Amino acid sequence: MSHDFGPAVALSCRECGARYPLGPSFACLECFGPLEAAYEFGRVTREDIAAGPANIWRYRSLLPVPADVATKPNMNPGWTKLVRAGNLGRALGIKSLHVKDDSGNPTHSFKDRVVAIAVEAARNFGFHTLSCSSTGNLAGAVTAAAARAGLDACVFIPADLEEAKIAMARVFGGKLIGIDGTYDEVNRFCSELIGDPLGDKWGFVNVNLRPYYAEGSKTLAYEIAEQLGWRLPEQIVIPIASGSQLTKIDKGFKELIALGLVEDTPYKVFGAQAAGCSPVSAAYKAGHDVVQPVKPNTIAKSLAIGNPADGPYVLDIARRTGGAVEDVTDAEVVAAIKLLASTEGIFAETAGGVTVGVLKKLVEAGRLDPEAETVVLNTGDGLKTLDAIAGESSRPTAVIKPSLDAFRAAV
């Protein structure tokens with residue numbers, strides 16, 4: 001069977017550089033390093049991109065997808081808002097601040113981007129079932145995309161996920177299997193299933209399709225640069241779960257520079273974790289190159305990956321760009337969710353509370369330049385994590401009789 005992956009020409013090992021044909025592979029046979037898509041880009045212009053659709057397929061010439069991808073049944077995510085966050089900036093003392101708000105995607109998280117690329121890879125390889133291990137958002141993105149593409153779906157989650165995320169994943173059909181264990185245990189189970197006849201012709205988006213799936217995160221970099229008027233931000237704060245999103249945003253920035261689409265200006269990358277699952281932050285602070293796995297214990301369940309596969313690469317990028325990796329407590333996450341909502345009208349899920357909380361912590365500590373143009377990511381919708389702000393926030397500010405006197409007394 002011939003495959004069409006557009007400008008992608010091979011899979012390349014990130015560790016040793018060994019190359020392999022494009023296929024459903026994810027680990028190097030020489031050194032067991034991770035594989036990623038390698039490209040031979042043609043000439044790409046800003047005008048060509050601007051003429052494309054208002055979704056990630058405007059960047060199809062930079063992704064491992066066929067040229068006609070926009071004509072196929074897909075969720076068509078992307079081109080979400082880059083919000084000029086003047087109110088939040090003033091509250092934090094940051095002169096030029098933007099929020100890249102990916103809650104506007106079809107299933108209300110950035111995971112729609114990566115899954116859209118994985119769907120095209122699954123089609124290429126003749127897979128009939130789309131699957132994944134998930135901390136919540138990915139499960140909903142996979143079941144929705146599979147329904148749209150006419151594929152079966154079977155996804156695996158830790159059984160204690162937020163109720164809203166479970167409901168979203170189930171409503172699109174397919175099978176949703178809860179496993180009594182952490183995300184890392186769920187992920188190990190999926191790796192075993194790939195080698196079993198039960199998993200034949202299954203595309204696990206974040207395992208055997210990972211080299212293609214992960215490329216979807218680059219579109220965040222492309223959009224941010226284009227929405228800033230084809231320039232790179234000076235500083236960016238990105239949440240860390242597996243670490244793949246951060247590494248691919250950096251890859252996207254470097255590709256834009258190499259293609260001459262943006263000026264080669266310095267940018268600092270800051271990674272954000274919750275204190276209850278902060279192995280990358282701990283390694284950064286200790287000056288280590290190896291990330292020690294932890295058992296997650298945080299309300300930020302979408303970031304609760306105790307053994308992040310891309311952790312070492314995150315450390316490299318933070319240090320290379322002059323950024324940092326920091327973490328915040330669950331209480332700081334909740335406070336940051338409320339701060340973003342009350343200043344910009346953006347209701348973030350807990351991962352967004354992590355990034356805004358880390359942004360606040362970094363600027364207060366003098367580690368982030370308040371004069372530099374800064375972008376902070378919100379990767380999901382707060383309606384998915386309502387439990388995080390339960391209590392006072394879920395009750396009216398007052399309950400009164402329907403009279404002006406009662407209202408006057410209350411206010």
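**A walk from the pockets to the loops**

The largest pocket of this predicted model is lined by 49 residues, and those that lie nearest its centre are Asn206, Arg210, Ser242, Ala309 and Asp310. The elements that give two or more residues to this lining are β3 (35-39), α3, α4 (137-149), α6 (183-194), α7 (210-213), α9 (244-258) and α11 (311-321). A pocket here is an open set of points on a 1 Å grid over the protein atoms alone, where a 1.4 Å probe fits and where protein stands on both sides within 12 Å along at least five of seven lines, while a lining residue has an atom within 4 Å of a point. Helices (H or I, at least four residues) and strands (E, at least two) are DSSP runs, numbered from the N terminus. Because the model is predicted, local features need pLDDT of at least 70 and side-chain atom pairs count only at pLDDT 80 or more, although totals for chains, interfaces and linings use all residues. Residues are numbered from 1 along each chain as its sequence is written, and side-chain values use heavy atoms, with hydrogens and water left out.

The volume of the largest pocket is about 980 Å³, a volume being the space filled by probe spheres set on the grid points, which are joined across faces, edges and corners. Its lining divides into 23 nonpolar, 16 polar and ten charged residues, where Ala, Val, Leu, Ile, Met, Phe, Trp, Tyr, Cys and Pro count as nonpolar, Asp, Glu, Lys and Arg as charged, and the others, Gly among them, as polar. The second largest pocket has a volume of about 230 Å³, and among the residues that line it are Thr135, Asp160, Tyr183, Asn297 and Lys301. The lining of this second pocket is made up of five nonpolar, five polar and two charged residues.

Helix α6 gives the largest share of the lining of the largest pocket, namely five residues. What length should this helix have? At 1.5 Å a residue, its twelve residues should span 16 Å, and its end C-alpha atoms are 17 Å apart, which agrees; the expected span is taken as 1.5 Å times one less than the number of residues. The buried residues of α6 are Tyr183, Asp184, Val186, Cys190 and Leu193, where buried means under 20% relative accessible area, exposed over 50% and partly exposed in between, with a 1.4 Å probe and protein chains only. What covers these buried residues includes the strands β6 (129-133), β7 (152-158), β8 (175-179) and β9 (202-204).

The largest nonpolar core holds 81 residues, and Val115, Leu130 and Ile236 are those with the most contacts inside it. Helix α3 (residues 111-124) supplies the largest share of this core, eight residues. A nonpolar core is a set of buried Ala, Val, Leu, Ile, Met, Phe, Trp, Tyr and Cys residues joined through side-chain atoms within 4.5 Å. Leaving aside its neighbours within four places in sequence, Leu130 is in contact (heavy atoms within 4.5 Å) with residues that include Val115, Val119, Val142, Leu151, Cys154 and Val205. A second, separate core of 35 residues includes Ala85, Leu92, Ile346 and Ala351.

Ala8 lies in strand β1 (residues 8-13) and is buried, with a relative accessible area of 6%. With neighbours within four places in sequence left aside, Ala8 is in contact with Leu22, Ala38, Tyr39 and Pro64.

Helix α8 (residues 218-227) is largely enclosed by the rest of the structure, because nine of its ten residues are buried. Those buried residues are Lys218, Thr219, Leu220, Ala221, Tyr222, Glu223, Ile224, Ala225 and Glu226. After α8 comes Gly229, with a positive phi near 85 degrees.

Most residues other than glycine have a negative phi. Trp230 is not a glycine, yet has a positive phi of about 60 degrees; this residue is found in the loop between α8 and β10 (235-239) and counts as buried at 13% relative accessibility. Asn76, also not a glycine, has a positive phi of about 50 degrees; Asn76 is found in the loop between α1 (46-50) and β4 (81-84) and counts as partly exposed at 29% relative accessibility.

In the loop between α13 (350-364) and β13 (373-378) lies Asp369, which is partly exposed with a relative accessible area of 39%. Not counting residues up to four places away in sequence, Asp369 touches Gln235 and Thr374.
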